[in-house]
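Please read it beside the structure.

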Amino acid sequence: MSADFVHLHVHTDYSLLDGACKIGDLADTAKEYNMTAVACTDHGYMSGSIEFYQTMDSRGIKPIIGTEFYVADGDRRERNSQKPHVAGFHLVLLAEDFQGYQNLCKLNSAAWLEGHYYKPRIDKEILAEHNEGLIALSACVGGEVSARMLDGEDAKAVESFREYLDIFGRDRFCLELQDHGMKEEAQVNPRLIKLADEYGVPLVGTNDVHYLKKEHAKAHDVLLCIGTQSNLQDEDRLKFPSEEFYFKSAEEMKEL
């Protein structure tokens, strides 16, 4: 019997020094959980797409190709280190067909060649040009709608939400709900649900997968230290707030 849950927010080890899921192990775990499909949404990279596609396909699992993009607050070509959210807001894009895959490639190229500043960034202008065949998820608390809510900018949050609706329409823009035990998620989730109800857009429940098993959290923490050139003992270093960022089973996700 197949599991009626699909992970749509997954970082493989192609999310360099951030994701710790080896694609082969990811496929094996998805097969073990009887999952019919899995998405690959690496941070600002599409380098793992071919390996991911071929590996999942060989296991009889539908591969969903995607990317977690960084969306500039304004023009992707702007370089202003004093601007809040200078590295961009998160946005998950999933290809629903070959045209969508081609648009992912175009956006990824523009992010690196035109928008790179701290991170490879796109903007809403180029999103509007290359949105066909793509489904957008509002991402984690680093997504624009949630981040503006947490900044206390409710009007801007709604304005940003409506801008994405204008680009993707109600059928291809989904508000994403996550629960890793973070207080920020507890703050924004009820407001996202209310927004979805008010505008009639879908809600998608995801886990922000960065490693396969819960017991891999400590090894992932070491990986983050390498990526940020810090030590485990450093108090102010980048650190995930819980051990819940793993590839959960359908049963665990239903409980959440």
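1. For the charge count, Lys and Arg are taken as positive and Asp and Glu as negative, while His and the chain ends are not counted. Each charge is placed at NZ of Lys, CZ of Arg, CG of Asp or CD of Glu. On this basis the protein chain carries 27 positive and 45 negative charges, whose mean positions are 1 Å apart.

2. The model is predicted: local features need pLDDT of at least 70, side-chain atom pairs count only at pLDDT 80 or more, and totals for chains, interfaces and linings use all residues. Residues are numbered from 1 along each chain as its sequence is written, and side-chain values use heavy atoms, leaving out hydrogens and water.

3. Nine helices and seven strands make up the secondary structure of the protein chain (DSSP runs, H or I of at least four residues and E of at least two, numbered from the N terminus). The radius of gyration is 17 Å, close to the 18 Å that the globule rule gives for 256 residues, so the chain is as compact as a globular protein of that length (C-alpha atoms; the rule is 2.2 Å times the number of residues to the power 0.38).

4. Of the 256 residues, 52% are buried, that is, under 20% relative accessible area with a 1.4 Å probe, protein chains only.

5. In helix α1 (residues 23–32), the buried residues are I23, L26, A27, T29 and A30. They cover an arc of only 165° around the axis, which puts them on the same side of α1 (directions from the helix axis to the C-beta atoms). Their cover includes β1 (37–43) and α2 (49–58), with contact meaning heavy atoms within 4.5 Å. After α1 comes N34, with a positive phi near 60°.

How values were computed: Buried means under 20% relative accessible area, exposed over 50%, partly exposed in between (1.4 Å probe, protein chains only).
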